[in-house]
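Subject: Handing over the two-chain model

Hi,

Here is the structure I promised to pass on to you. Have a look at it first, and then read on for my notes.

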Amino acid sequence: MNALAIAASIRSGADSAAAVVESALANIGERDREINAFTAVTADRARREAAAVDALRVAGQPLPPLAGVPFAVKNLFDVAGLTTLAGSRLNAARPPASADAVLVERMCAAGAVLVGALNMDAYAYGFTTENTAYGATRNPHATTRTSGGSSGGSAAAVASGMVALALGSDTNGSIRVPASLCGVFGLKPTFGRLPRTGSYPFVHSLDHVGPFATCAADLAVCYDALQGADEDDPACAQRRVERTHPALAPDAQGLRVARLAGYFDAYAGPEAHTASLRAAEAFGAFDEIELPEVARVRAAAFVISASEGGTLHRRTLRDDYDGFEPHNRDRFLAGALMPAAWYVQAQKLRRWFLDQVRPLFERYDVLIAPATPVSATPLGDEWFELNGRRVPLRPSLGLLTQPVSCIGLPVAAVPIAGAGPLPIGVQLIAAPWREDLCLRAAAHLERAGTARCVIAT
Amino acid sequence: MTIAEAMLFVAAAARAQELSLTAEQLQRVAAVFARNAEIAEMVMSLELPETAEPAPTFLP
C-alpha cells in the first residue's frame, strides 16, 4: 500500500496505526534478512508514535497528512537515541544523537512513524552501497545486484515494501541513482530547498536531502511535509512553503518538455536510452537539446566532491586511516591533497554552466535525461560495459546525475516501465525552485503507464 | 600527470598537511590522484572570463 492509502485507511478507521506498524516491523524482520537495508530498527519508538496517532483518532482530532505511515531514514540523519553512523564504523563509537534531524522532526510532525535507520555507502562517497562494515544492501529486484547508492538502503527499503517512504541525501546522484536501480520514485529538490540540519555532511556545497516513494503523489505529499526554511542550515533558502500535491494536475497540458541528447545519450546504455525516449514520447516531446560542456561540468562536480569530502575527513584520515572504508579512503585522501586552483576553477565552472542552462527554462518546463547509464550491476563488480567501452563502475554510475546536481536544479527520478528486465529510471529536471513541475511531469508519466514502481516481494 | 609525478606531488602535499603515508598507501593514493588530475584537466582547460565568480555558497 502506498503512503496516502495507508494514511486514508487509518483516518477512516479501517486500520489502526498500531496494526500498520506491527505489520511493517514484521515485514522488516522477515524481508531485511535478505536485503540488508536497515542498520537499526526503532521498534519501541515506532510503537509509541503509532499509539499517539491512534489516540488522536479516537479523540476525534484531525489527523496530519501522513498519519501512521511507516518511514525510515538514511543513517546520516540524526535520530534521537541512535548514533549517526553516516555509513562509517568510525562513527559507531560516537554518542547517540540527542535530537532528531529537522527533516525527521517534520516527518513525525506530519504523522509519519519512524521505524529505523538505513544503510549507505560510507560517508556517502559511493554509488553502490557496498559497505564493508555494515554489509551490502541488495537490490530487491535482483538480490545479487547493487541497490545503487549512496542512499541504497532508502531505495531498497521502499522497493521491497518495507516502508512506504524514506529519506536520503544526494550530492552527486545518491537519491537518483538508487531510485533508478531499485525502480522507485525519488526527489532531489533544488539546492537549498530542504534543510540539512542534523544530517551528517559529505560536500557542503553540493549536499541535498530528499524523499523516496512508490508513486508521484506520495512523493509530493512527503516533500510538502518536509518543506520550510531553517536558519541552522546556512545553505537553506529562506523561502515560503510552496505546496505541490494540490497542484498535481490531472494531465500534462501546458507542460513544455524536451529531451537532453548529446552527452546524455553518449553515456546512456540501450535501456537507459529507451527509458529516456519512452518518457519523451509520453509527453509528445520531440525537441532534443545538447547542453554545452557537460563532461567538464561533471568533472567539476567530481573535483568539488573530492576536495571538500577529503578536507572534511582530513584529520581522521591522518589519525585512523585503517578505520576508513577501504572502498573510498584513498579517494578521500587524494581529494584532501587537491590543489586549490582545481577547486576554485570547478566552482567558477558551476556558476558559468548555470548561466548557460537557465535560459533554456524560458522555452521548456521539464528536461528529460536518463538517470543511470545502466540498470543494476552485480555486487562486487568494479567495471561495466557502456556502449562498447569498459568504464569503472564506482565513479561512473553518477555520470548522468552529477552534471545536473552540480547546478542545483530540482529533479524527480522516475522508474520507466518495460525499458529492460531490471528497473531503470529517468530524470525529470526543472528550473530552480520548480519542484512542482518535476512532480507534475512524474504524475503524468505514471498516469500514462510509462512510469511504474513495482514492489519486489 | 604520470604516476611518478603524482607520487612526488602527493608525498609533498601530504607532508604539508601532516598526513603520513606508508609506501603502499602513497602508491595507491598517487594512482587515484593521477586519475583526478586527468579529470581536473577538463575543468582547468576551459577558459572562463576573468570576471567569472566562483560559487562556494551556491544559491540558484
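This is a predicted model: local features need pLDDT of at least 70, side-chain atom pairs count only at pLDDT 80 or more; totals for chains, interfaces and linings use all residues.

The axes of α10 (residues 294–312) and α12 (residues 329–336) of chain A come within 7 Å of each other and cross at roughly 100 degrees. That crossing falls between 65 and 115 degrees, so α10(A) and α12(A) count as roughly perpendicular. On the α10(A) side the contact is made by A:A306, A:S307, A:G309, A:G310 and A:T311, while α12(A) brings A:R331, A:F332, A:L333, A:A334, A:G335 and A:A336. Sorted by class, this contact has 5 nonpolar, 5 polar and 1 charged residues.

Now for chain A as a whole. Its secondary structure consists of 16 helices and 17 strands. The radius of gyration of chain A is 20 Å, close to the 23 Å from the globule rule for 457 residues, so chain A is as compact as a globular protein of that length. Along the principal axes, its C-alpha atoms fill a box of roughly 60 × 60 × 45 Å. Of the 457 residues in chain A, 62% are buried. Among contacts in chain A with a separation of 6 or more, 78% are between residues 24 or more positions apart.

The C-alpha trace of chain B spans about 40 × 25 × 20 Å along its principal axes, and buried residues make up 27% of the chain.

How do the two chains meet? The contact takes 28 residues from chain B and 39 residues from chain A. Both α1 (3–16) and α2 (23–44) of chain B supply at least two residues each to the side that touches chain A. The most comes from α2(B), with 11 residues. By class, that side of chain B has 21 nonpolar, 4 polar and 3 charged residues.

Two residues are worth a click here. A:V303 is, with A:F185 and A:A442, among the residues that touch the most other members of the largest nonpolar core, which has 171 residues. Leaving out residues up to four places away in sequence, A:V303 touches A:M338, A:W342, A:Y343 and A:A346, as well as B:I39, B:A40 and B:V43. The other is B:L46, in the segment after α2 of chain B. With 17 other C-beta atoms within 10 Å, B:L46 is partly exposed.

- The peptide bond from A:G149 to A:S150 is cis, with omega near 10 degrees; A:S150 sits in the loop between β7 (142–146) and α5 (152–159) of chain A.
- A:Y123 is not a glycine, yet has a positive phi of about 50 degrees. A:Y123 lies in the loop between β3 (113–118) and β4 (130–131) of chain A and is buried, with 26 other C-beta atoms within 10 Å.
- B:E18, also not a glycine, has a positive phi of about 55 degrees. B:E18 is in the loop between α1 and α2 of chain B and is exposed, with 9 other C-beta atoms within 10 Å.

Best wishes

Key:
Residues are numbered from 1 along each chain as its sequence is written. Chains are lettered from A and ligands numbered from 1 in the order in which they are written. A residue is buried if 20 or more other C-beta atoms lie within 10 Å of its own, exposed if 12 or fewer, and partly exposed in between; C-beta atoms are placed from the backbone. Axes are lines fitted to C-alpha atoms, for helices over the stretch in contact, and angles run from 0 to 180 degrees between N-to-C directions. Helices (H or I, at least four residues) and strands (E, at least two) are DSSP runs, numbered from the N terminus. Angles under 35 degrees count as roughly parallel, over 145 as roughly antiparallel, 65 to 115 as roughly perpendicular and the rest as oblique. Two residues are in contact if their C-beta atoms, placed from the backbone, lie within 7 Å. Ala, Val, Leu, Ile, Met, Phe, Trp, Tyr, Cys and Pro count as nonpolar, Asp, Glu, Lys and Arg as charged, and the others, Gly among them, as polar. A nonpolar core is a set of buried Ala, Val, Leu, Ile, Met, Phe, Trp, Tyr and Cys residues joined through C-beta atoms within 7 Å. The radius of gyration is taken over C-alpha atoms; the globule rule is 2.2 Å times the number of residues to the power 0.38.
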